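Biologist: Could you walk me through this model, one question at a time?

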There are 2 protein chains.
Amino acid sequence: MTSESKHAGMANAIRFLSADAVQAANSGHPGLPMGAADIATVLFTQHMKFDPKNPNWPDRDRFVLSAGHGSMLLYSSLFLLGYEDIDMDQIRNFRQIGSKTAGHPEYGHAAGIETTTGPLGQGIANAVGMAMAERKLADEFGADIVDHHTYCLVGDGCLMEGISQEAITLAGHLKLNKLIVIWDNNNISIDGPISVSDSTDQIMRFKSCQWNTIEVDGHDPEDISAALEQAKKSDKPTMIAAKTIIGFGAPTKAGTKDAHGAPLGNEEIKIARETLGWDAEPFTLPADICDAWRIAGLRSAQAHKEWQKRLETSDSTLRGEFERRQRGELPAGFGDAIAAYKKELADEQPKKATRKASQAALEVINGVVPETIGGSADLTGSNNTNTSQTPPITPDDFSGRFVHYGIREHAMAAAMNGIALHGGLIPYSGGFLIFSDYCRPSIRLAALMEIRVVHVLTHDSIGLGEDGPTHQPVEQLAALRSIPNLNVFRPADVTETAECWQLALEAEKTPSAIALTRQDLPSVRATFEAENLCARGAYELAAAEDEAQVSIFASGSEVELALEAKEKLDSAGVPTRVVSVPCFELFETQSGEYRAATLGDAPIRVGVEAAVRQGWDAIIGSDGIFIGMDSFGASGPYKELYEHFGITADALVDAVQARLQA
Amino acid sequence: MTSESKHAGMANAIRFLSADAVQAANSGHPGLPMGAADIATVLFTQHMKFDPKNPNWPDRDRFVLSAGHGSMLLYSSLFLLGYEDIDMDQIRNFRQIGSKTAGHPEYGHAAGIETTTGPLGQGIANAVGMAMAERKLADEFGADIVDHHTYCLVGDGCLMEGISQEAITLAGHLKLNKLIVIWDNNNISIDGPISVSDSTDQIMRFKSCQWNTIEVDGHDPEDISAALEQAKKSDKPTMIAAKTIIGFGAPTKAGTKDAHGAPLGNEEIKIARETLGWDAEPFTLPADICDAWRIAGLRSAQAHKEWQKRLETSDSTLRGEFERRQRGELPAGFGDAIAAYKKELADEQPKKATRKASQAALEVINGVVPETIGGSADLTGSNNTNTSQTPPITPDDFSGRFVHYGIREHAMAAAMNGIALHGGLIPYSGGFLIFSDYCRPSIRLAALMEIRVVHVLTHDSIGLGEDGPTHQPVEQLAALRSIPNLNVFRPADVTETAECWQLALEAEKTPSAIALTRQDLPSVRATFEAENLCARGAYELAAAEDEAQVSIFASGSEVELALEAKEKLDSAGVPTRVVSVPCFELFETQSGEYRAATLGDAPIRVGVEAAVRQGWDAIIGSDGIFIGMDSFGASGPYKELYEHFGITADALVDAVQARLQA
């Protein structure tokens with residue numbers, strides 16, 4: 001076998017595993033795997049370092065298939081390289097329930113799938129996060145332990161999505177020179193030639209974002225390999241524009257949109273086999289090709305072994321710390337530090353906006369948890385996500401722990417996903433709650449991937465005041481609560497804020513959103529409780545003096561109002577209890593007994609939250625009284641807004657009295 | 001007064017009205033208005049055509065303040081130009097409840113505010129939509145009637161947001177040469193100098209997106225004016241990079257982040273007055289400056305008059321059509337066409353995916369409603385949003401009615417807002433329901449602005465099958481329903497789809513989202529009903545044979561399943577009725593009587609929707625049975641997925657039987 005024919009055979013293995021799997025599933029995207037097969041072959045077999053038998057080796061190179069619809073490219077490659085999770089049965093069962101080979105690559109289904117992709121533009125932003133994590137950890141643990149590249153394959157779709165441009169400019173700014181993006185420049189999208197919808201000079205655009213760019217023939221293995229070598233030497237992130245033919249080898253569909261997102265058809269595949277000289281039956285491989293791939297798959301074991309040796313001979317404290325962080329375990333002192341801090345708070349009873357309470361909690365956390373990496377989307381002074389331990393990361397110095405993400409909420413959230421996926425760090429963000437809408441697709445993916453990221457979302461209601469309805473979240477709490485596997489916290493005071501932070505950091509498989517106020521709030525927890533009461537999701541904060549006639553359930557800033565209403569109702573002879581509800585999702589997971597006891601049996605239930613009612617019926621019942629918003633907000637001083645929208649203790653009392661008299 | 005000192009005085013009028021208003025409100029953003037005052041003065045008084053006394057004149061130039069936090073720039077300018085909605089009291093009452101001068105510019109508060117801005121990047125994408133509308137209408141009605149520019153002021157924040165890059169590439173592709181964007185290049189964001197978070201060469205980036213670019217000194221009125229002249233001659237959209245000093249004139253804060261988002265302080269303003277030679281007391285103006293502005297404000301009346309003459313002498317049919325569309329009225333034949341089509345459907349009882357039913361409805365609608373302008377975010381063949389009447393719009397030919405938006409969901413939604421705000425057209429989109437997450441901020445703004453846009457959102461559940469959980473909406477219906485003033489439709493068959501389309505087009509003040517299936521559905525409406533039953537939001541589709549023991553409420557594809565379950569329950573001696581629920585929001589607005597009758601008094605209520613429960617409690621009660629999703633989906637053939645997740649008639653029947661036996 002000449003080296004040329006060997007390459008061709010290896011690439012064709014990807015092509016036909018992919019085309020056949022799509023055909024068998026009767027759905028999927030053959031075009032990208034066939035077009036990018038040469039790129040993947042060169043990248044995986046000649047350039048990347050990884051170890052299929054120890055696939056989670058921390059210093060492996062990362063590969064992100066941002067164009068996730070081309071999932072068969074990844075599955076074929078992993079199978080060919082000898083990753084055990086993906087065997088031929090998995091290839092055959094592409095897109096079937098229970099298989100590891102889902103329609104789009106899903107993190108957690110199989111080793112080698114570094115992130116879940118499919119929603120376009122997310123993968124490249126994840127890759128930016130991974131490259132940030134690598135650089136940060138290399139700074140901390142040294143190049144002997146952390147020194148790898150992050151590769152990412154993007155299509156035109158990824159580059160059209162706004163999120164990619166946020167991520168690209170961030171990467172260019174931070175000089176992430178170990179990030180190498182390969183653009184599968186096949187000139188086709190679902191609607192047809194790219195010229196139908198775009199005329200951008202992508203090379204010039206990357207250059208304007210401070211990237212190194214290289215143009216290659218995506219079907220010339222030497223050209224591709226030389227570009228990868230060159231990219232590794234760059235002091236900037238590199239974009240390799242690889243001109244490819246979508247559906248390469250398909251006789252009538254190659255180079256057209258027909259190759260993109262539907263099975264090619266048996267006849268088309270048959271002729272492609274003839275054209276490319278591929279004799280193997282579907283789901284079989286010529287032994288020499290298989291061997292060539294498996295040998296390439298073992299190539300990196302040596303790099304892993306050498307790394308292992310370096311790790312073993314490194315400073316034992318450093319090593320211990322590295323390994324703890326790889327396991328995702330929090331430091332031993334974490335719980336005690338929170339407990340000590342809660343004691344302080346119980347003594348001092350500070351009155352503070354919860355955004356500031358969050359900063360104070362972070363001051364404690366960042367002191368004992370060195371793996372946190374904070375940030376803000378250009379609202380640092382408003383989100384209060386920086387602390388004394390978190391100087392900024394700059395393009396030339398990654399010793400800091402705070403990322404100025406710029407006005408890029410979406411890329412921030414997706415980069416955080418990449419940081420968490422990389423391992424060794426726990427990312428948290430800073431943004432306004434209203435702008436969770438800007439990064440919702442990435443928050444959703446964090447929930448789907450079951451990774452630990454923490455979104456600090458301040459200015460969490462009309463309580464932000466004068467900025468008005470464009471900045472006042474009304475439906476964002478409900479919208480976030482609708483996402484499966486996302487904990488949405490809305491703490492009521494300094495102590496609850498500390499507890500919610502503790503829960504967020506301890507939730508290894510669940511991302512968290514912490515909604516925080518701009519305005520000051522009193523302490524509502526009078527005494528120290530060792531238990532993390534917020535872990536219950538909801539708990540009785542103030543009991544009724546007598547048999548309760550009213551249960552008030554409230555979250556965040558409205559707990560103060562609930563307590564005020566309780567006092568008024570108590571005085572009026574209506575025994576009332578108050579339940580604080582910092583987290584719906586955790587309350588859902590409590591025992592039926594606890595839930596029943598917490599909901600109580602007072603005949604009247606009231607919910608209070610300066611937001612829409614949706615979701616509250618699960619707690620107060622569809623006949624419960626709800627004091628909140630049913631429209632967008634308005635611009636004005638916040639106390640006036642609360643009056644204007646009838647979110648006051650008096651309004652609550654009136655509604656209860658009306659119900660009692662009904 | 002020399003022309004120089006006159007300009008300086010006019011610009012200073014903006015500066016001090018703005019600084020004083022922010023100071024009085026004790027919150028707001030003085031930096032942008034002070035920095036961009038020279039630009040605004042030149043643009044409004046020398047270049048734009050408008051008519052303060054007839055502010056909604058259709059052929060006026062549009063101005064969009066994409067950097068909406070600088071709202072006082074707009075309010076000051078409108079006041080100075082003589083727009084009657086904004087008087088000095090409004091300026092004094094900046095950011096107070098009930099004032100027209102909200103923290104961020106809000107569409108509908110005052111004439112001259114062309115769109116609601118504040119969430120960054122939205123404005124420029126709106127402006128792209130306005131420029132598209134202008135070009136489309138100019139093609140249709142001729143340059144005598146439609147021929148104006150769209151101007152937009154953006155800040156660095158707008159340009160960092162991904163949505164702006166989607167919009168910019170779209171505008172470059174479409175060669176929208178009457179779009180002129182001025183970049184307030186003040187090099188400052190909230191976190192500090194732009195260098196903290198960005199290193200992009202914005203000029204090169206715009207060039208790569210096929211824009212014309214010009215660099216000017218943003219404080220040199222002649223330079224600015226010459227650039228605007230040049231821009232008007234370009235055959236591409238133009239970006240004018242105007243170098244400015246944020247907070248121009250503030251002695252210690254100019255050029256720093258301290259000028260950005262907080263009142264300057266009385267002392268700082270006092271010294272600024274001295275520095276710039278501004279003697280007028282707060283909220284007063286020198287008569288000569290005031291006159292100069294008002295005269296400029298009247299300048300354009302002439303252009304309006306000339307336009308009026310051209311309109312009056314134009315073809316009367318054309319004119320009638322233009323005026324009808326400006327009023328936003330649907331054509332007279334619309335209702336009849338829908339009724340005739342519904343009759344056909346009742347006769348034929350077709351089995352069709354609702355996405356295809358939507359296409360068939362659109363075929364009818366587009367035939368009688370010439371003002372619709374459709375599109376898709378690169379999913380034309382999947383969304384089925386094109387019809388025989390909608391050839392594509394291309395960069396060189398706007399006679400079409402279909403926009404290939406590319407893989408740019410967010411810019412699509414924001415551009416649609418711009419199209420609707422412009423007037424004369426009704427935009428509808430095409431996308432997957434899952435990707436409503438990508439454009440949520442723009443959908444929200446449509447709801448807040450009360451404008452008519454229609455989002456066609458196909459592939460609306462796990463029913464899309466093999467693409468898997470990244471593409472399967474689970475929480476998107478709930479999340480959309482949480483937005484105030486948005487109608488979320490989920491029709492069950494061809495007839496409901498037609499009715500929902502009718503409602504969407506008739507809702508002049510409410511945007512709509514129509515969720516549609518990928519998979520085929522039977523007709524569930526057996527007979528023709530002249531009434532639009534979907535207008536009720538929910539209605540009894542199948543009565544119980546006897547006193548109902550069970551009411552099943554279902555939407556979209558799950559109505560079929562509900563009917564199947566009814567049959568089974570009926571057979572088992574459990575009289576059951578089925579209520580179709582195509583629109584929660586419209587059901588909410590029905591009379592208490594109708595609601596009560598529709599909810600019925602069967603002891604068991606069941607909700608069925610292949611999505612999360614959130615929101616359903618309002619209909620089925622918190623003790624109702626819900627058959628739906630409580631997790632993300634999975635990749636597999638759709639019928640297997642319904643089985644896998646227990647969304648079947650049998651599961652429903654079992655749940656009811658269990659309840660009956662409990």
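What follows is a set of questions and answers about this structure.

Modeller: Before we start, this is a predicted model, where local features need pLDDT of at least 70 and side-chain atom pairs count only at pLDDT 80 or more, while totals for chains, interfaces and linings use all residues. Residues are numbered from 1 along each chain as its sequence is written, chains are lettered from A and ligands numbered from 1 in the order in which they are written, and side-chain values use heavy atoms, leaving out hydrogens and water.

Biologist: How much area do chain A and chain B bury between them?

Modeller: Buried area is the accessible area (1.4 Å probe) that two parts lose on being put together, summed over both. The contact (heavy atoms within 4.5 Å) takes 93 residues from chain A and 93 residues from chain B. Carbon and sulfur atoms hold 56% of the buried area, and the total is about 7,600 Å².

Biologist: Which three residues supply more of the area that chain A buries against chain B than any other three?

Modeller: The trio supplies 10% of the area that chain A buries against chain B. The names are A:Ile97, A:Tyr438 and A:Arg444.

Biologist: How many salt bridges are there between chain A and chain B?

Modeller: Side chains of opposite charge can pair when their charged atoms come close. A salt bridge is counted when a side-chain nitrogen of Lys or Arg is within 4 Å of a carboxyl oxygen of Asp or Glu. One of them joins A:Asp467 to B:Arg95, with the closest N and O atoms 2.6 Å apart. The count between the two chains is eight.

Biologist: Now inside chain A: are A:Arg15 and A:Asp38 buried or exposed?

Modeller: Their side chains meet in a salt bridge, 2.7 Å from N to O. A:Arg15 sits in helix H1 (residues 3-25) and A:Asp38 in helix H3 (residues 37-47), 23 residues apart. Both A:Arg15 and A:Asp38 are buried.

Biologist: How many residues apart in sequence are the parts that A:Glu558 and A:Arg490 tie together?

Modeller: The side chains of A:Glu558 and A:Arg490 form a salt bridge at 2.8 Å, N to O. A:Glu558 lies in helix H22 (residues 558-571), and A:Arg490 in the loop between strand E13 (487-489) and helix H21 (494-506), so the parts they tie together are apart in sequence by 68 residues.

Biologist: In chain B, which helix holds B:Glu499, the salt-bridge partner of B:Lys342?

Modeller: The side chains of B:Lys342 and B:Glu499 meet at 2.7 Å, N to O. B:Lys342 is buried at 3% relative accessibility, and B:Glu499 is buried at 0%. B:Lys342 lies in helix H15 (residues 334-348), and B:Glu499 lies in helix H21 (residues 494-506).

Biologist: What is the phi of A:Asn26 near?

Modeller: Most residues other than glycine have a negative phi. A:Asn26 lies in the loop between H1 and helix H2 (31-35) of chain A, and it is exposed, with a relative accessible area of 57%. Its phi is positive, near 60°.

Biologist: Last one: which side chain makes a polar contact with the side chain of B:Asn383?

Modeller: B:Asn383 lies in helix H17 (residues 380-383) of chain B and is buried, with a relative accessible area of 0%. A polar contact is a pair of N or O atoms within 3.5 Å; within protein, one must be able to donate a hydrogen and the other to accept it, and residues adjacent in sequence count only if both atoms are side-chain atoms. A polar atom of the B:Asn383 side chain lies 3.2 Å from the backbone nitrogen of B:Gly431. The side-chain partner, at 2.9 Å, is B:Thr458.

Methods
Helices (H or I, at least four residues) and strands (E, at least two) are DSSP runs, numbered from the N terminus. Buried means under 20% relative accessible area, exposed over 50%, partly exposed in between (1.4 Å probe, protein chains only).
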